[in-house]
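This report describes selected features of the structure shown below.

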Amino acid sequence: MGRSLSAQYTVLFGRPWPVWGSAILVATLNVFLFTFDRPWTASDGMRNWGDWVLTGLGVVRRADLLAPWLYSGSLLNAGVLLGGLVAALLAREFAVRVPPRGELLKGGCGGLLMGVGAVLAFGCNIGGFFSATSALSLAGLGMMLGLGAGAFLGLRYLVWETEHRPEWSGGTGRVYLASSAAGPSRQPWVGALLLIVLLATPFVYSRGGYVAQGVFLLFGVAFGVIFQRSRFCLVRAFREPFMTGDAEHTRAAALALVISTVGFAILKFTDLKDKGEWVFPAAGAGALGGGLVFGVGMTLAGGCGAGSIWRAGEGQVKLWAAIACFALGGSLARLVAAQTGVLRELGAAVFLPSAIGWGPALGLVVLVMAAWALGATWNEEHRRFSAL
Amino acid sequence: MIDVREPFEWLDGHIEGALHLPMMESLTRRDRVPLDRPKAVLCAGGLRSSTVISALKRHGIQHWYNVTGGMTAWVKSGYPVAGSTTLEPPPPPPPDRTTLDCRGLDCPLPVVKLGKAIKTVPPGAAIELLATDPGSVVDLEAFEKQSGHRIVERGESAGVFRFVVQRTK
């Protein structure tokens, strides 16, 4: 019994999970989450945090603002953060990693760009691309183009900086609270304890009549654990073909998109979910421009909407800066966009099956994903687009 | 006769007159293998020797025999075993090593910097990379797979990941 347990522990927390398997898990969970209530996104939870801070400071006044511990998006994010932390602790990978000052600045700038981009595209790469494409919204595919271009530009900038301004990322980082390589560590015990506490939160929430809130938190935890253990990463899916050429994460992301799209389509086709859900008026300049800005931001920060959060959970201080700027920047950008009326000018809300029919809509998403995966795989061999 | 076992096994006893060429060096130092004569290759049991033979065959070197049963069978059959009298010359000193300190940098910077740095050292030389981002492990593996340069050493201590990457071409 003890030996089987220890073998299981090694499988789960001793070595990384397969990327494609985790992509399937993420896609399936997203369908479950949509069935339960709403698809996954990170940006609205971030904005909720930003709104909450700005309201507390008296900068804005929002009567309709939900507290972060009651808002679904905020709870999903908190779950992803804590899930990343739990998984890192259980795997003894947690450490507070403080970057040099220049990197901190880059994290902040990246976060700010992500905040602005997510407002323009009505969602981050998760809500505006992954979930929106799954919901058969044209804006999702538009943001995909923007994200690809943004990741390319962001990477070109990083290569330029390394060549011409190496001192900007110079200086030594510091590491605190790391577990030593050999010998016992307290980290797995702390992680296990934290996991038990998290599993108990739905019961605590249910006492106040908020059962769903506890469930949102656990969905987030599951996402966080899966991402941390597999390091499946959408930034990498977009960026890596332009960098080393490796296409594993691109193929995994394309697979996840197809699975999630089929799930969402079933829910909408059978009227279990409203057809207009998660179809935002961003098909046009919003999705393209927002995707571009977001793509640059996520490459600079080294983490996307979801990646920033779970990587912050495993102790990376650069992503703490990214999250803070994402939340505040997104909140302010949304305020400005709403007051200037820009929010209504960003594009059309196009539900693909209404425009071209169910079959062609599904076929289009599958075709785009297949082309993405195939193109990246071809480039893996020929490295026509790779900078390194 | 070529003995492809590790140095500590060689010191335990070997066949008189055999050439000692540990498996991991058999490709890089294959210039020591005579081309004109038939060669018998030996390890402890016969597995490593067959691996070395197929690897060197792919480099066009012919005339091979695998010693089935290896050194174990040789000793069992009562053939003479030489002691540690003929020591190998000490291995060449490790090539010049540049250290690339990427502690505190997040993905993808360590790999971007490594990609630049590896072009500045001659083929065969290695770069030591220090990083604190756990993501750098996957990044480095993708870099190794795609660039063809080799991670020859890796380790972790107190939250710092250490890689030694050798330029291959």
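## Arg311(A)

Does Arg311(A) count as buried or exposed? The model is a predicted one, and in it Arg311(A) has a relative accessibility of 5%. Arg311(A) therefore counts as buried, since the limit for that class is under 20% relative accessible area.

Arg311(A) lies in helix α13 of chain A, which spans residues 305-313. Apart from neighbours within four places in sequence, its contacts include Arg231(A), Gly302(A), Gln316(A) and Leu319(A). Arg311(A) is also in contact with residues of chain B, namely Asp106(B), Cys107(B) and Asp133(B).

## Nonpolar surface patch

A nonpolar patch on the surface is formed by Trp52(A), Val53(A), Leu57(A), Val59(A), Trp69(A), Leu328(A), Leu332(A), Leu335(A) and Val336(A). Together these residues have about 830 Å² of accessible area. Helices α3 (43-56) and α14 (317-340) of chain A each contribute at least two residues to the patch; the largest share, four residues, is that of α14(A).

Trp69(A) is located in the loop between α3 and α4 (72-90) of chain A. Its relative accessibility is 48%, so Trp69(A) counts as partly exposed.

## Chain A overall

Chain A contains 16 helices and two strands. Its radius of gyration is 20 Å, close to the 21 Å given by the globule rule for 388 residues, so chain A is as compact as a globular protein of that length. Along the principal axes, its C-alpha atoms fill a box of roughly 60 × 60 × 50 Å.

Of the 388 residues of chain A, 56% count as buried. The accessible surface of the chain is about 15,900 Å², with 70% belonging to carbon and sulfur atoms.

Note on methods: Residues are numbered from 1 along each chain as its sequence is written. Chains are lettered from A and ligands numbered from 1 in the order in which they are written. This is a predicted model: local features need pLDDT of at least 70, side-chain atom pairs count only at pLDDT 80 or more; totals for chains, interfaces and linings use all residues. Side-chain values use heavy atoms; hydrogens and water are left out. Patches are made of residues with over 30% relative accessible area and no salt bridge: like charges are joined within 9 Å, nonpolar side chains (Val, Leu, Ile, Met, Phe, Trp, Tyr) within 5 Å. Accessible areas come from the Shrake-Rupley method with a 1.4 Å probe; for residues, only the protein chains shown count as cover. A salt bridge is a side-chain nitrogen of Lys or Arg within 4 Å of a carboxyl oxygen of Asp or Glu. Buried means under 20% relative accessible area, exposed over 50%, partly exposed in between (1.4 Å probe, protein chains only). Contact means heavy atoms within 4.5 Å. The radius of gyration is taken over C-alpha atoms; the globule rule is 2.2 Å times the number of residues to the power 0.38.
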